[in-house]
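Subject: Structure handover

Hi,

Here is the structure I promised you. Please open it and keep it beside this email while you read my notes on the salt bridges.

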Amino acid sequence: MKSIMRFDAFDIMGPIMIGPSSSHTAGAVRIGLMAGQLCNYNPTEIEVLFHGSLASTYSFHKTDVAVIAGVLGMPVDDERIKNSVSIAKERNIHVGFGTINIDGAHPSTIVIKLKCKDKEYLIRSATIGGGNILIEEVNGNKADMNGKQYNLIVDVSTEDLNELKKIISEEVSGNFLSGCNKSNNRYFLNVICEDKIDERKIEKIKNLNGVNDVYYFSPIMSASNDSLSFFKTVKELVDKSKEDDCLISDTVIKFECTNSNRTEKEVIAEMEKNLTSMKEAINNGSENENLMLGNIFSGNARKMSTFISDKRSICGVSLSKVIKNALAVMEVNGSMGKVVACPTAGSAGTLPAAVITIAEINNIEDEKVVKSLFTGAGLGMIIAENSTISGSVGGCQAECGVASAMAAAIITELFGGTYEQILSSSSLALGNILGLVCDPVAGTVELPCIQRNVMAAANAIVSAEMALAGVDSVIPLDEIIGALDEVGKLMDKSLKDTLGAGISNTPTARRLEADLFKK
């Protein structure tokens, strides 16, 4: 696996997806979308094997149906995802699931075996947080793909690689990954292509002497420039913003325009869609009693609405609305409804509840909110690249903690905070949640996940309020990010989405787990 992954603004503030988990649902769909290209999304057999934390939780995270949905060509926001296994069986596609143990593998590793007519394929992959993926192996070849570029893998039996590379370069514009892989006297050339390759050129490469096979992948996410690096530290991001005398959000928007080769209008339009989807999730969860997958509880958002209407709030209507909205989004997520991963689906209620509620109460226009979302995305990118946004890697501190830090920064910018105040609010928020474990009851993204989103949203507001008042975090945000990474690595795997310890290991949780497995 890459030592450092590249993240874009919409990897952090997105995707718009079907719940309940960005890593284990949306990421799994995307892995399936990559694998499905090998058989034009029309296999005869699909076998999926889950490693690490997924071996315990794949059923209740709906990772199983998500992978199948992707292999059949369904995108991450397709409402048919939950029915993908039934759809596959209707098409006479044999589907099977199991577990596997791979030494040293990412804790959210998925192996997919496909049969298509007379061919067989094996894809090894990892879903690394927020719906982001890494394809690590294709039929024995170390692939190193993230779903954002056109990739060509050429399986050859000749040692005259320089001549073959020259011929391929005449047909394909792109960069060969440094070196090549060798296995059983066969070599694998991996090319990151600059653009889509014509089918005739692929066929020409297939017919070259010494070429055994060619695997071609189109991007299944928004294309980006992997050679362009974002700021390595928050300090660098702020220093650039100071140099240009602009908001942090302006700096992030400029980067995203260059990175995706789009105009500022196009980039902002995508973020506007995210804000609209966040609001829709709040409304959906507030107005409807969504039946969640685990059905451990239901209707808590509506209970809060009634509580507010009855004027029973003990902490002020503003905070009560934040609580209600966080519950609402997470109930939609838990019922496989549509949410925005920000940065993950497991933390999808934190940022919308804190930011949208506070903005509406204070009559802040959507245009300003949309722009400030890029500040949260920029900080999230730096956190993700220096640590993790995956609960199976770093615990819930990496999901609700990061979401809270992003929300705090956004709110602070919305209220005219200085660069220093924005960073202090984010540092305070993340530091307050440092060490939070990921211990979902029965593997569902419900308990304690939903209530933790409420806590994280409130924490974001409190942290922003302190920072705007002049309270200094003392510890710089970059150092807090380093602490997040350190704590995540020290955390035992039993506390990272494996159902091994914590709340998921209480007697009541084990009883609920047993009841759910019976259904």
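Arginine 510 counts as partly exposed, at 28% relative accessibility. The model is a predicted one. Arginine 510 forms a salt bridge with glutamate 513, and their closest N and O atoms are 2.8 Å apart. Glutamate 513 has 14% relative accessibility. It counts as buried because that value is under 20%. Both residues sit in helix α20 (residues 507-518). They are 3 residues apart, about one turn of the helix.

Now look at helix α19 (residues 477-490), which holds both lysine 489 and aspartate 485. Their side chains meet in a salt bridge, 3.0 Å from N to O. The two residues are 4 apart, about one turn of the helix. Lysine 489 is exposed, with a relative accessible area of 65%. Aspartate 485 is buried, at 18%.

One more pair to find. The side chains of glutamate 171 and lysine 204 meet in a salt bridge of 2.8 Å, N to O. This pair links distant parts of the chain. Glutamate 171 is in helix α6 (residues 161-171), and lysine 204 is in helix α7 (residues 199-206). They are 33 residues apart. Glutamate 171 is buried, with a relative accessible area of 17%. Lysine 204 is partly exposed, at 48% relative accessibility.

How many salt bridges does the structure hold? The count is 22.

Best wishes

Definitions and conventions. Residues are numbered from 1 along each chain as its sequence is written. This is a predicted model: local features need pLDDT of at least 70, side-chain atom pairs count only at pLDDT 80 or more; totals for chains, interfaces and linings use all residues. Side-chain values use heavy atoms; hydrogens and water are left out. A salt bridge is a side-chain nitrogen of Lys or Arg within 4 Å of a carboxyl oxygen of Asp or Glu. Buried means under 20% relative accessible area, exposed over 50%, partly exposed in between (1.4 Å probe, protein chains only).
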